[in-house]
Amino acid sequence: MSNVSSHANFEQNNTFLDLLTVIGNEIPEEALSKLKVLLRGHVDKDILDYSVETGAQLLLILHKRGLVTNKRLSFLRKFLKEAKCTNSLSYLDSYEDKNKIWTDEGRLRASIFHDSRSKRLDSLAKRIENEIHLSKDDQENNKQDIVSLQDEIQRKKESIIEYEESMQKSKLRIISEQLLLQSVRKKLEDLKYVIRKLYREEESLTEKLNSTIKPKRTIRDELASKRVEIKGKELLESELSRKDERITEQIRLLHTDVRNQTIKMIEIEKTIQEDTLKLRNLKKNLFKEITSSEELKETLTELKQNSDHDKTKTSRPYCRNQGSRLTFTSPVTGYLVNTPSNTSVAKTIDYDGLVEHSEPFVIGRYGTRENPPQFMHPCSIAVDVNDDIYVADSKNARVQILSLNGDPIRKPIDLGKNFQPSSITVNSDQHVFVSDSHVVRAYSSNGELLRYILPIYAKFDVRPQITGLVTTNHGTILLIDRANRQIQEFRQDGTFKRFIGGNHVLKSPFGVGVAKNGDIIVSDACQIKIFDGRTETVKNTIGIRGIGKGKLLNPRGLTVDIDNNAVVADCESHKIHVLSLQDGENNSFGSLGTDAGFFDTPCDVAVTSDGRKIVVVEARNHRLQVFTRRQPEFDYERYISKVKEEIYNLDVTY
């Protein structure tokens with residue numbers, strides 16, 4: 001009888017703790033700050049300032065101190081009203097109403113999580129509707145920009161045609177002027193020849209006049225006539241010279257005009273090229289917006305179907321095969337439902353070419369057992385060189401070591417009830433590094449505690465909050481200190497090495513991974529930032545806030561696969577994103593739900609050594625899902641060309 005009573009008390013206590021977690025998660029940051037001020041007379045200021053980072057932590061501290069219990073909710077209600085936490089109050093009212101009706105703790109807990117999921121589904125649906133509306137506005141703006149840019153390009157092309165016509169006219173005028181110039185210069189040359197001839201005749205007459213004894217009157221008349229003729233010819237020469245200068249200047253001006261028009265045409269052609277590139281990018285963005293909008297509409301339809309499904313029945317995720325039947329279990333109540341193997345209760349989801357369309361392999365459910373594995377709010381995972389899975393089981397205060405089939409490999413590492421793991425990583429020697437957000441513990445492969453690694457912080461810094469861990473190939477370990485917005489690097493023996501980042505670079509870092517070339521990949525707010533591992537500078541930033549292709553809401557844990565892609569768990573959009581670190585291309589899969597292939601708060605992800613399996617941990621579904629990555633089809637022609645190229649490049653000496 002005592003066993004039954006203790007089991008009932010355990011169920012009741014867990015149900016209330018789940019309620020506090022749900023209520024706490026709905027408390028916004030502004031309200032949390034106000035609650036900390038209001039509760040200073042009831043809880044120590046140091047605990048409020050340094051130990052409370054989320055609403056759930058605050059409510060659990062109040063529960064431990066006996067200020068909030070299953071039968072003492074007025075205290076909590078009072079402060080929630082003062083802080084204006086309407087969502088949390090609605091959960092509390094729903095709990096009190098159903099607590100009066102239902103004595104079955106399993107059904108009560110299921111109802112709490114069902115209401116929570118329904119509200120999150122509605123909230124996510126509203127967000128997606130807003131994204132669709134914004135996407136439509138962006139599409140209209142893009143279309144207008146495209147039309148105006150096309151008009152501008154057309155106008156510039158027409159101006160180029162006008163310039164070409166003007167240039168053609170100028171060139172024709174140049175040819176005409178050059179012909180005229182040639183004619184003038186020919187006349188000028190002839191005239192100069194005539195003038196020289198006249199001068200010689202004048203000289204001859206002058207000599208004749210001076211040397212002859214005969215009467216000189218006839219010679220004088222002839223000489224005067226020659227001089228008059230010479231003067232007339234010189235006047236004509238002067239006029240032709242001035243005409244030559246005018247024509248030459250006109251030709252020079254025409255050439256200058258042609259050159260200026262050519263320069264303007266080149267500039268316009270450059271702007272046309274730039275505008276064409278902008279036009280191409282606008283069309284590309286428009287196509288992305290249309291594609292993203294269609295995907296969002298499909299996601300919205302799927303969410304509404306999921307919401308309707310949850311309202312009619314409790315959705316149960318796919319679990320392991322047992323004989324010829326598939327077992328489905330609620331992550332909250334632990335109820336089992338056996339279904340014939342030819343019946344599919346999992347919804348269809350499009351994995352966009354990332355993973356196989358077969359149902360993922362689901363490991364675990366809500367609970368405290370070790371075999372078969374059960375979890376309570378698992379929050380982080382890692383995969384070692386043997387592809388064994390290490391799970392940071394937060395509320396059970398342990399690390400479970402499982403195979404890809406979900407079988408326990410050895411006894412879990414017990415961390416003690418006061419050490420709730422928040423992040424985990426494993427090095428090549430299978431040493432386990434696990435953190436409770438304040439300190440890192442290092443364990444050997446057989447679970448023996450080796451050492452503590454304490455994060456470094458200055459006198460005026462906030463107490464560190466470790467949210468992400470990863471080991472590098474250089475024998476170091478990287479810690480994400482979210483509170484101080486920085487990365488700390490230690491040698492694996494616990495020796496501090498350096499700081500990376502800071503307030504000027506990072507906003508709210510969470511997960512961390514390392515690329516093949518040593519670059520450090522960090523999930524920060526709604527972006528993925530790539531740090532150069534040597535210079536510590538930000539090389540690239542991927543993603544913007546939102547729902548849809550290329551957008552992130554709240555990226556948490558991440559890893560880098562063998563193809564140098566960042567695989568990111570987005571806990572708020574309930575998706576797994578695969579981002580190319582080279583060009584930022586984004587593919588994703590998943591949606592909010594409890595069936596196989598759906599996620600509820602995916603908080604971390606890991607990839608096996610061959611890149612074939614993607615393992616996802618879900619905090620609110622209390623389980624792991626193992627997806628098989630789709631392999632590209634073998635390209636025979638590309639393979640042959642590559643082999644030929646390698647043979648051609650061989651340096652063979654006979």
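**Reading charge and burial in a predicted model**

Reply: In this predicted model, helix α7, which spans residues 105-211, supplies the largest share of a negative surface patch, namely four residues.

Me: Which residues form the negative surface patch?

Reply: The patch is made up of Glu158, Glu162, Glu164, Glu165 and Glu269, and one of them, Glu158, lies in helix α7.

Me: How should I read the spacing of residues along a helix, and why do some of them point the same way?

Reply: An α-helix has 3.6 residues a turn, so residues three or four places apart point the same way.

Me: Is Glu158 buried, partly exposed or exposed?

Reply: A residue counts as partly exposed when its relative accessible area falls between the limits of under 20% for buried and over 50% for exposed. Because its relative accessible area is 43%, Glu158 is partly exposed.

Me: Which residues of helix α5 are buried?

Reply: In helix α5, which covers residues 74-82, the buried residues are Phe75, Leu76, Arg77, Phe79 and Leu80. Just after α5 comes Lys84, whose phi is positive, at about 60 degrees.

Me: What is the nearest side chain of opposite charge to Asp481, and how far away is it?

Reply: A salt bridge needs a side-chain nitrogen of Lys or Arg within 4 Å of a carboxyl oxygen of Asp or Glu. Asp481, found in strand β14 (residues 476-481), is buried yet has no salt bridge, and the nearest side chain of opposite charge, that of Arg482, is 9.0 Å away.

Me: Which backbone nitrogens does the side chain of Asp481 reach?

Reply: A polar atom of the Asp481 side chain lies 3.1 Å from the backbone nitrogen of Gln465, and the side chain of Asp481 also reaches the backbone nitrogen of Ala483, at 3.4 Å.

Key: Residues are numbered from 1 along each chain as its sequence is written. This is a predicted model: local features need pLDDT of at least 70, side-chain atom pairs count only at pLDDT 80 or more; totals for chains, interfaces and linings use all residues. Side-chain values use heavy atoms; hydrogens and water are left out. Patches are made of residues with over 30% relative accessible area and no salt bridge: like charges are joined within 9 Å, nonpolar side chains (Val, Leu, Ile, Met, Phe, Trp, Tyr) within 5 Å. Accessible areas come from the Shrake-Rupley method with a 1.4 Å probe; for residues, only the protein chains shown count as cover. Lys and Arg count as positive and Asp and Glu as negative; His and the chain ends are not counted. The place of a charge is taken as NZ of Lys, CZ of Arg, CG of Asp or CD of Glu. Helices (H or I, at least four residues) and strands (E, at least two) are DSSP runs, numbered from the N terminus. Buried means under 20% relative accessible area, exposed over 50%, partly exposed in between (1.4 Å probe, protein chains only). A polar contact is a pair of N or O atoms within 3.5 Å; within protein, one must be able to donate a hydrogen and the other to accept it, and residues adjacent in sequence count only if both atoms are side-chain atoms.
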